[in-house]
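Welcome to this structure! Please keep the view open as you read.

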Amino acid sequence: MKIYMNGELVPEAEAKVSVFDHGLLYGDGVFEGIRSYSGRIFALEAHVDRLYDSAKAIALEIPMTRQEMMQAVALTCRENDTTDGYIRLVVTRGVGTLGLNPYLCKTPQVIIIAADIQLYPKELYEKGLSIVTVGTTRNLSEAVNPRIKSLNYLNNILAKIEAINAGCMEAIMLNSQGAVAEATGDNLFVLRGDVLRTPPVNEGILEGITRAAVMKLATEAGYSVREERLSRYDLYTADEVFLTGTAAEVIGVVNIDRRQIGEGVPGPVTCKLEKSYRQYANANGYPING
Ligand code: PMP
């Protein structure tokens, strides 16, 4: 595999980061997880826009234009013969001193990895996920805003540990006010009747790109889609619950905190949106080969 590092494609074994990089020392940097389907990079522009917004929020100046970044992602896919893959785009603050001062880091590091996608097993989509709400709340927006997709994922990792310790693959995180926020790497939707609801962006979530696509597809399919504050009560009493994310796409949730959701299998709307999202993602995107 060849890794893009600051304008060059280097063999994987040589793709190394300094121990003085503030991405490593402090989680000081931003990233994106992107998918390509059938030779096209899905929602590349939206991912690059979110990357630059995250960077802006942490006062990190990415040393290339958005257009150059999109071309670099496509180039990395071409060099690795990636058609259906998972792309990790990382920008670290770069090499600095052992002190915190980010202004002593001269050059941000841009890293692009075009890897294979590790798909969740198919049966997970058929059976649905059993998950739990956990005690680790989402970071306070006033401290480190969860809208920033930063390299510091400890908040999510702590929640993931709680989920795994409880025998589940995913956790639902609440915000500090006890409202439902999101899963550790996915957004969340709740259906009741024909109303589909998802927490608003100021409730401690990452503004997911899959979330936006699903909101659009659901609206077009005639559902009423609302961004509304949700409590655990709304989860337990939902007809259907599902998660959305670049890697997971759309996946049903059938049990939360030992309450069965709906019929205990992914519901019809979840299945419909899962299918239409996959079709949409497969049919749209930035062409890898120009
Ligand atoms: N929330 C978090 C915390 C995430 O890390 C991600 C991305 N993995 C998502 C939601 C989903 O975002 P997207 O649909 O853009 O992948």
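The points below look at the ligand and its surroundings, then turn to a sheet.

1. A word on origin: what you see is a predicted model, and residues are counted from 1 along each chain.

2. Let us begin with the ligand. The space it takes is the largest pocket. There are 17 residues around the ligand, and Y153, E182, I209, T210 and T246 come nearest.

3. What kinds of residue make up the shell around the ligand? Nine are polar, five are charged and three are nonpolar. Two elements to look for here are α6 (209–220) and β13 (240–245), each of which supplies at least two residues of that shell.

4. In E182, a polar side-chain atom lies 2.6 Å from a nitrogen atom of the ligand. For K149, a polar side-chain atom is 3.1 Å from a ligand oxygen atom. I209 takes part through its backbone: a polar atom there is 2.8 Å from an oxygen atom of the ligand. As for cover, the ligand taken alone exposes 390 Å², and the protein buries 93% of that.

5. Now for the sheet. Seven strands form an open sheet in the order β2-β1-β6-β5-β3-β4-β16, and their pairing is antiparallel. At the edges stand β2 (8–11) and β16 (286–287); each has a single partner strand, so one side of each is left without a neighbour in the sheet.

6. How many bridges join β1 to β2? Four do, and the two strands run antiparallel. Within this pair, K2 stands opposite P11 in β2. The hairpin of β1 and β2 has two residues between the strands, and N6 takes a positive phi near 50° in this hairpin.

7. Strand β1 (residues 2–5) also pairs with β6 (residues 109–116), in the antiparallel sense and over two bridges. To find this pairing on screen, look for Y4, which stands opposite I112 in β6.

Note on methods: This is a predicted model: local features need pLDDT of at least 70, side-chain atom pairs count only at pLDDT 80 or more; totals for chains, interfaces and linings use all residues. Side-chain values use heavy atoms; hydrogens and water are left out. A residue is near a molecule or strand if one of its heavy atoms lies within 4 Å of it. A polar contact is a pair of N or O atoms within 3.5 Å; within protein, one must be able to donate a hydrogen and the other to accept it, and residues adjacent in sequence count only if both atoms are side-chain atoms. Accessible areas come from the Shrake-Rupley method with a 1.4 Å probe; for residues, only the protein chains shown count as cover. On a 1 Å grid over the protein atoms alone, a cavity is a set of points where a 1.4 Å probe fits but cannot get out, and a pocket is an open set with protein on both sides within 12 Å along at least five of seven lines; lining residues have an atom within 4 Å of a point. A molecule sits in a cavity or pocket if more than half of its atoms lie within 2 Å of its grid points. Ala, Val, Leu, Ile, Met, Phe, Trp, Tyr, Cys and Pro count as nonpolar, Asp, Glu, Lys and Arg as charged, and the others, Gly among them, as polar. Two strands pair if DSSP finds at least two bridges between them.
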